[in-house]
Amino acid sequence: MPTTATAPRTSARERRREQLIAATITAIAHRGLSRVTISDVAEIADVSHGLLIFHFQSKENLLAETLRSMSDAHRKAWEDALRQAPPSPAARLDALIRAEFSTESQSPESLTAWCAFWGETPNRPLYLEQCGSNDRAQIEAFEDICGALVAEGSYALDVRRAARVIRLTIEGVWLELMFSAKPYSYDEAVKTAYFCAATLFPQHFSEDGLLKR
């Protein structure tokens with residue numbers, strides 16, 4: 001039957017593309033975004049230059065697909081965390097924070113590649129094209145949850161600013177973990193995010209995490 005004949009080929013193609021994207025992330029982390037080449041990726045993936053061209057046509061397409069893949073994986077991680085979280089707004093914010101510090105979704109190579117895309121001005125349009133909708137979805141999730149917390153705790157806070165402060169604290173902590181001349185532990189990084197949440201929502205969080213109520 002056509003469906004059973006074509007499905008394995010489609011699956012194999014997707015697995016190959018995932019392998020090539022993973023190799024691209026490694027290449028960017030080691031070589032830098034501006035210096036990475038198709039040949040670098042092919043060498044890491046142990047495939048021919050022609051196979052990469054067959055799947056992605058050009059370096060530009062390969063980088064765009066890699067960025068979109070990372071962005072989609074990040075969105076899936078925090079959306080899955082929210083789906084599994086208890087319904088209270090504090091538990092949902094806790095799930096978001098934990099997802100952002102998941103070692104599974106935030107490998108050192110992926111973080112380095114993120115920073116490479118994020119930090120180079122010429123790639124800003126590419127970043128917005130591939131990641132804009134996912135970023136907006138997460139911003140809305142943080143704002144919705146913070147809005148519910150503000151209402152529940154009668155906090156005198158601007159919801160959008162509170163959500164922004166938490167998001168930027170998380171992003172800043174990751175950047176500092178990667179580049180700081182005075183590094184600190186992963187546990188301290190997580191506690192820093194919780195300290196921010198506790199400062200904004202002291203009825204719901206401490207620097208050790210979600211308060212039991």
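This is a predicted model: local features need pLDDT of at least 70, side-chain atom pairs count only at pLDDT 80 or more; totals for chains, interfaces and linings use all residues.
Leaving aside neighbours within four places in sequence, which residues is Thr66 in contact with? The contacts of Thr66 are Ile21, Thr24 and Ile25.

- Thr66 is found in helix 4, and its relative accessible area of 0% places it below the 20% limit, so Thr66 is buried.
- Although Thr66 and Ala23 are 43 residues apart along the chain, a distance of 9.6 Å separates their C-alpha atoms.
- Gln138 belongs to helix 7 and has a relative accessibility of 9%, which is under 20%, so Gln138 also counts as buried.
- When neighbours within four places in sequence are set aside, Gln138 is in contact with His74, Trp78 and Glu100.

**Largest pocket**

- The volume of the largest pocket is about 560 Å³.
- Its lining is made up of 23 residues, and those nearest the centre of the pocket are His74, Trp118, Tyr127, Asp135 and Glu171.
- Two or more lining residues come from each of helix 4, helix 6 (108–119), helix 7 and helix 8.
- Helix 7 is the element that gives the most to this lining, with nine residues.
- Sorted by class, the lining of the largest pocket holds twelve nonpolar, six polar and five charged residues.

**Nonpolar cores**

- The largest nonpolar core has 36 residues, and the members that touch the most others are Leu93, Ile97, Phe101, Ile166, Ile170, Phe201 and Phe205.
- At least two residues of this core are supplied by each of helix 4, helix 5 (89–100), helix 7, helix 8 and helix 9 (186–200).
- Helix 9 provides the largest share of this core, namely eight residues.
- Ile170, one of the members of the largest core that touch the most others, touches Ile97, Glu100, Phe101, Phe142 and Ala193 when residues up to four places away in sequence are not counted.

**Helix 5**

- Helix 5 has twelve residues, so at 1.5 Å a residue it should span 16 Å; its end C-alpha atoms lie 17 Å apart, in agreement with that expectation.
- Helix 5 is mostly covered, with ten of its twelve residues buried.
- The buried residues of helix 5 are Pro89, Ala90, Ala91, Leu93, Asp94, Ala95, Leu96, Ile97, Ala99 and Glu100.
- These buried residues pack against helix 4, helix 7, helix 8 and helix 9, as well as strand 1 (205–206) and strand 2 (209–210).
- Glu100, one of the buried residues of helix 5, is among the contacts of Gln138 and is also touched by Ile170.

**Loop residues with positive phi**

- Gln57 is not a glycine, yet its phi is positive, near 70 degrees.
- Gln57 sits in the loop between helix 3 (49–56) and helix 4 (59–84), and its relative accessible area of 52% is over 50%, so Gln57 is exposed.
- Ser154, likewise not a glycine, has a positive phi of about 55 degrees.
- Ser154 lies in the loop between helix 7 (124–153) and helix 8 (159–179), and its relative accessibility of 65% is over 50%, so Ser154 counts as exposed.

Definitions and conventions:
Residues are numbered from 1 along each chain as its sequence is written. Side-chain values use heavy atoms; hydrogens and water are left out. Helices (H or I, at least four residues) and strands (E, at least two) are DSSP runs, numbered from the N terminus. Buried means under 20% relative accessible area, exposed over 50%, partly exposed in between (1.4 Å probe, protein chains only). On a 1 Å grid over the protein atoms alone, a cavity is a set of points where a 1.4 Å probe fits but cannot get out, and a pocket is an open set with protein on both sides within 12 Å along at least five of seven lines; lining residues have an atom within 4 Å of a point. Grid points are joined across faces, edges and corners, and a volume is the space filled by probe spheres set on the points. Ala, Val, Leu, Ile, Met, Phe, Trp, Tyr, Cys and Pro count as nonpolar, Asp, Glu, Lys and Arg as charged, and the others, Gly among them, as polar. Contact means heavy atoms within 4.5 Å. A nonpolar core is a set of buried Ala, Val, Leu, Ile, Met, Phe, Trp, Tyr and Cys residues joined through side-chain atoms within 4.5 Å. The expected span of a helix is 1.5 Å times one less than its number of residues.
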